Amino acid sequence: MKNLIPNLNLSKDQIKKLALSTMGFIVLLYVYFSFFLGPLNKSHQTMQASINDLQKKVAGSKNEMAKATNLEKQASAATTRYAALTNASPEGAPIAWFPPRMKIFFSNLQIDKTTARLENSVAYKEADLSGWMRYNWMLDLPQTDFATLGKAVAELENTEPLLSINRINIHATTEDPQFQQVALTVSTAILKR
Amino acid sequence: MALHLNLLHEEIQEQRQRQRDPLKIGMMVLGGLGALMFLYYMWNAYQALGVRSQLSKVQQTWSTVEPKVTAAQKRSAELNGIISTTKVLDGMIESRFFWAPFLEKLSRCVALNAQITSVDGTVLDDNRGVSVMIEGLAAGREPRAAAEELRQLLLEQLGQSYHEVKIEFKTLEDLDTLVKIGGANMAMARFSLNATFNPSAVVAKATPAPARSSKK
């Protein structure tokens with residue numbers, strides 16, 4: 001090398017050419033890395049990141065589907081129970097079906113002339129019950145004896161799980177003390193339709 | 001010493017000069033490097049193509065899986081909603097106060113010489129218990145004692161199923177009227193009892209009232 005450099009004896013023209021070559025080399029490197037290899041590597045990395053992301057999603061989706069399947073199995077009792085509870089709320093406005101239902105219910109237990117009046121309806125505060133409404137009713141049983149009333153109340157409490165009696169008022173009738181007048185204030189949870 | 005003349009000296013010198021042309025050498029080096037870089041680029045491009053085909057495969061897999069996952073997530077949310085709603089509804093159902101067992105106990109406490117004329121019961125808000133106002137008549141040689149007997153019996157009966165049972169007389173007054181029981185005239189007293197209790201500690205199950213008729 002040492003021998004080569006002194007022998008080079010570069011002329012001005014040659015130095016110019018050498019400088020031009022060096023500049024050309026730098027430009028080549030710039031163009032190569034900026035416009036060819038750089039974008040290629042960038043797209044390579046982007047695609048690799050997309051692949052990783054999608055693979056994570058696919059793996060996660062398997063877990064998600066497994067969870068859903070397990071949940072479906074675990075929730076079978078809850079869904080059956082929920083279906084039974086929602087079936088207690090027929091289609092249509094409650095004012096249309098609840099009073100006749102109570103009238104039939106009590107008449108089947110030998111308590112006639114039952115009337116049901118809607119007092120009010122309010123939404124539940126619980127977020128889980130956003131699809132349900134609380135209806136407050138007044139049930140008037142104008143004439144019944146105590147034993148029949150007891151059986152009817154037990155039957156009502158057992159067959160209507162979403163109904164709760166909040167107030168009960170029993171008064172002996174003045175004409176016949178064997179019979180009583182009864183007023184029940186009840187509330188029911190009814191699914192919004 | 002023989003004279004040695006190199007007549008081609010100038011031509012050889014020019015040829016050497018041409019061979020040592022830095023521009024030419026530079027261009028050759030540049031060409032070589034360019035070729036290497038081109039090969040490296042091609043290698044990278046080939047790898048990128050492989051990654052692209054892998055990406056398209058993964059995307060295809062994801063496009064088939066995604067609707068199922070979305071449906072599964074939707075179903076999970078729905079099921080969670082059902083579970084929590086059912087839990088809240090079950091809580092409401094379980095925390096109800098059942099009046100039928102109470103009425104049964106009340107009917108058991110009323111003796112032949114007593115008559116209940118009015119029962120007014122209310123479930124207090126926020127699980128604060130139940131309040132019942134009972135009005136009636138008691139007859140006997142000592143009508144007040146008969147009323148007290150009813151109160152004691154009711155206290156005992158309700159105490160078996162409920163907590164914090166309190167039964168107090170609101171009023172207890174003698175009446176002027178007499179009533180005939182078993183052929184004997186008995187004095188009467190009117191009473192008014194206020195019963196309060198907390199059913200939440202012991203959950204009573206609703207059972208049909210017994211077949212026996214009450215004295216009401």
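A nonpolar core is a set of buried Ala, Val, Leu, Ile, Met, Phe, Trp, Tyr and Cys residues joined through C-beta atoms within 7 Å, where buried means that 20 or more other C-beta atoms, placed from the backbone, lie within 10 Å of a residue's own. In this predicted model, local features need pLDDT of at least 70 and side-chain atom pairs count only at pLDDT 80 or more, while totals for chains, interfaces and linings use all residues. Residues are numbered from 1 along each chain as its sequence is written, and chains are lettered from A in the order in which they are written.

**Core**
- The largest nonpolar core holds 58 residues, and Val153(A), Trp99(B), Ala138(B), Leu150(B) and Ala195(B) have the most contacts inside it.
- Beyond its neighbours within four places in sequence, Leu150(B) is in contact (C-beta atoms, placed from the backbone, within 7 Å) with residues including Cys109(B) and Ala138(B).

**Chain A**
- Chain A has five helices and four strands, taken as DSSP runs (H or I, at least four residues; E, at least two) numbered from the N terminus.
- Its C-alpha trace spans about 140 × 30 × 25 Å along the principal axes.
- Of the 193 residues of chain A, 21% are buried.

**Where the chains meet**
- In all, 61 residues of chain B are in contact with 63 residues of chain A.
- α2(B) gives the largest share of the chain B side, 37 residues.
- Strand β3 of chain A (residues 163-172) runs antiparallel to β1(B), with five bridges joining them.
- His171(A) has Ser118(B) as its bridge partner in β1(B).

How values were computed
A residue is buried if 20 or more other C-beta atoms lie within 10 Å of its own, exposed if 12 or fewer, and partly exposed in between; C-beta atoms are placed from the backbone. Two residues are in contact if their C-beta atoms, placed from the backbone, lie within 7 Å. Two strands pair if DSSP finds at least two bridges between them.
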